[in-house]
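Here are my notes on the model, as numbered points. Please read them with the coordinates open.

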Amino acid sequence: MYVAVKGGEAAIANAHALLADRRRGDRQVPALGIEQIIQQLGLAVDRCMAEGSLYDRELAALAIIQSRGDLIEAIFLVRAYRTTLPRFGYSVPIDTANMLIERRVSATFKDLPGGQMLGPTFDYTHRLLDPVVAEGGDVAAPVRRPADPEQAPRVTDLLAHEGLIEPDTTHDDKPDIGDLTREPLQYPLDRDLRLQALARGDEGFLLALGYSTQRGYARTHPFVGEIRIGEVEVELDIAELGFAVSLGRVRVTECQMVNQFKGSAKVPPQFTRGYGLVFGQSERKAMSMSLCDRALRAREFGEDVVAPAQDEEFVISHLDNVQSTGFVEHLKLPHYVDFQAELDVVRRMRAEQETQKEAAE
Amino acid sequence: MSLIPSYNFAYLDEQTKRMIRRSILKAIAIPGYQVPFASREMPMPYGWGTGGVQVTAAIIGPSDVLKVIDQGADDTTNAVSIRAFFAKVANVATTTHTADATIIQTRHRIPERPLQAGQVLVYQVPIPEPLRFLEPRETETRKMHALEEYGLMHVKLYEDIAKHGQIATTYAYPVKVEGRYVMDPSPTPKFDNPKMHMSPALQLFGAGREMRIYAVPPFTEVVSLDFEDHPFEIQHFTQPCALCAATGVYLDEVILDDHGGHMFVCSDTDNCEERRAQGHRGHLSGEELEAAE
Amino acid sequence: MDNLMLDGGFADPVMQAQQGFRALMDALANPGTIQQLALGLTPPAPLTPELAAVLLTLCDHDTGVWLEPDLATEAVTGWLRFHIGSPLNVARDQAQFAVLRDSNTLQLNGFSLGTDIYPDRSTTVIVAVPALSGGDALVLKGPGIEHSVEISPLGLPGDFLEQWAENRAQFPRGVDLLLVADGAVIGLPRTTRISGKDA
């Protein structure tokens, strides 16, 4: 009934109250604490920080609880908070060669300086539901090894010594790094902005696109040169002091994909790079990102742009899950004014057709 | 000032406001041209008015009076939610009366009551690019605007005529601003297009997800695209509002039962209420309606 | 640092920037109208309070500002660095904002006009004039103006109408102009057509 449309204010308040109730659930069950989420759902926290573009475990954990575990909703909460924060400065580039490594694997070399280290991975677990976890049973302390003084150079740096892989872009090559959160994007993008967009892009979307390149939609012949996970120092140059000060450490996952490239008239044959870097521990995201990064460099290498994963405007415009969830879900907002206009025109066209038919008969 | 100390006046930080304000000024200087801006995440989802909200947040001050409508109505849930947001973060007075508002944020309608000089109408825009459904690439549509290459749009409208005997675009009907830029008026019904032409109010358009701001200054030519043999025309309703008997206004169809019973009522709730307060009565207005229930 | 040198900014930055912006928005949306811009600023001379009000309202370290050479004194640049933090050493044709104290020598040539694809990337030129009235009458027409409106700012160069016509002819590229004096502002967006009273 028309009158029932009224009362939006009360309806919203009641809906919020009901949502809070459902979020809390049975009051007999202890409420979740932020520390529990950080400790026991760490990978959810990592994803929330990565796609929320804010390295803050407490806030990510709060967002996860507040969103009832809906990670895209949690990412949205973090983003909306992040955007209000003042910008004090830009850190110096993090140095992943100096990472305090927790996991490091290479698919291209059996052994390499610094060694391979499996770290906390699901890789060789058998995916069997575990009653011990359900019972909250005790977990034994892990085996640790003493910190390894041996340097673990990046695999791509090892290849670069021989000139077998294209040189890495350095900060000096492009001192003026863009910032997609501060400047509107202007296509075509440089790689710095593309990587920023990919780093905060939806894991599922990038996973599907990366997968599509493996199935022949822009094949790039990828090898995992190296995946490393661990903590790196974040430093800020303080102009007044004349040197960089450490702000703390963040855990990141880095994936260096090594891809085939035939070379050209100007460039001798060498491998090319696809790069992935994500906050926290997220190999799937870092690998997908590096596949997409390489595919999106098609223009740079003079490759034909034939597949979705190579199409910069398509990929970058649709990878942000906060944007896409908002716009998809906005369809549930009222559209009756526009629908009325469509109703009217369909009725009119039907009437006209009817008249014409009668006239013809 | 702000009731939640941890957030800023009107939610946005000052640097963001300055960035949006600079974009608004350029938008005003180039009517109908889409100025790119570094849209921020807002505490409501993209597609739910973040562009309009950012524009409003950048212009609003403590002495403003804000009205928010969605589908012409002040009481639709999203309008209520956005109005409550500004009441909270900017502590401004709000109103449902078009005449009392200094800023009106809208989704999908322009109020029936003619706007006045000094008022600002802020549109929420989902897809700001009028050429988007003809050409999905931003790099291409930018060029088309630069070269004033709007032939494709005319072809599309003409195809409508060929196929349907009339232009089938009923909302988001493209307009040309000041003889230069083709502009998307946001998904307002084409019924509202003529209200944009030479309006004394400033019209600002914000598209958050698509990161565009554009504007139509007061007293600016806004012409709906058409053809000599198929001139632009707006929707006409065959019956008046069932509640206030208004004619020449946009009506919503309300379904009354499952036997095809329906009535038409004003989409602009404020206009309808004012008319009823003045004593206008439609055939299903208040008293009769209650009796019918 | 010398505190006196850094005094004289907004007492209430959030609210005053909002007021300043609304004045500028109304000025550009309604060319020819005089909008109040008195925000109680006391910048070091030769920067005027009105010029300072526009800069503090719109500029920060994301905006390149070009200062007329006579205006770029140590006191002024130091004050602006503190209050807006904008790069002040940008070239004339790269500046997002240009600030001039001597309106008689105004040359619209050489500022950024933006590009055909991005005409918004043009310079906004802010000029202090001796007064917003008392000069020769100019007739304005165009968006924001119902029929026509008259202004009579003092101190514009003799060839201003020709300069402006040339700017107008570049549309949609072109500079936008803000004339400030007497605690107020007149906006002349690139869309405005200007002619002499007797023309």
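1. Helices (H or I, at least four residues) and strands (E, at least two) are DSSP runs, numbered from the N terminus. By that count chain C holds 5 helices and 9 strands. From the N terminus on, its elements run α-α-β-α-β-α-β-β-β-β-α-β-β-β.

2. A word on provenance. This is a predicted model, in which local features need pLDDT of at least 70, side-chain atom pairs count only at pLDDT 80 or more, and totals for chains, interfaces and linings use all residues. Residues are numbered from 1 along each chain as its sequence is written, chains are lettered from A and ligands numbered from 1 in the order in which they are written, and side-chain values use heavy atoms, with hydrogens and water left out.

3. Overall dimensions of chain C. The C-alpha trace spans about 55 × 35 × 30 Å along its principal axes. The radius of gyration (taken over C-alpha atoms; the globule rule is 2.2 Å times the number of residues to the power 0.38) is 16 Å for chain C, which agrees with the value near 16 Å for a compact globule of 199 residues.

4. Of its 199 residues, 59% count as buried, meaning under 20% relative accessible area with a 1.4 Å probe, protein chains only. Contact means heavy atoms within 4.5 Å. Among contacts in chain C between residues at least 6 apart in sequence, 68% join residues at least 24 apart.

5. Chain B has 8 helices and 12 strands. Its C-alpha atoms fill a box of roughly 60 × 55 × 35 Å, taken along the principal axes.

6. Where does Glu233(B) sit? Its place is the loop between strand S10 (222–224) and strand S11 (251–255) of chain B. Leaving aside neighbours within four places in sequence, Glu233(B) is in contact with Arg348(A) and Lys190(B).

7. One helix pair in chain A deserves a look. Helix H5 (residues 71–82) and helix H12 (residues 321–329) of chain A pack at about 115°, with axes 9 Å apart. That makes H5(A) roughly perpendicular to H12(A), a term covering 65 to 115 degrees. Ile72(A), Ile75(A), Phe76(A) and Arg79(A) in H5(A) meet Asn321(A), Val322(A) and Thr325(A) in H12(A).

Methods:
Axes fitted to C-alpha atoms, helices over the stretch in contact; angles between N-to-C directions. Parallel < 35°, antiparallel > 145°, perpendicular 65-115°, else oblique. Buried < 20%, exposed > 50% of the residue type's maximum accessible area, 1.4 Å probe, protein only.
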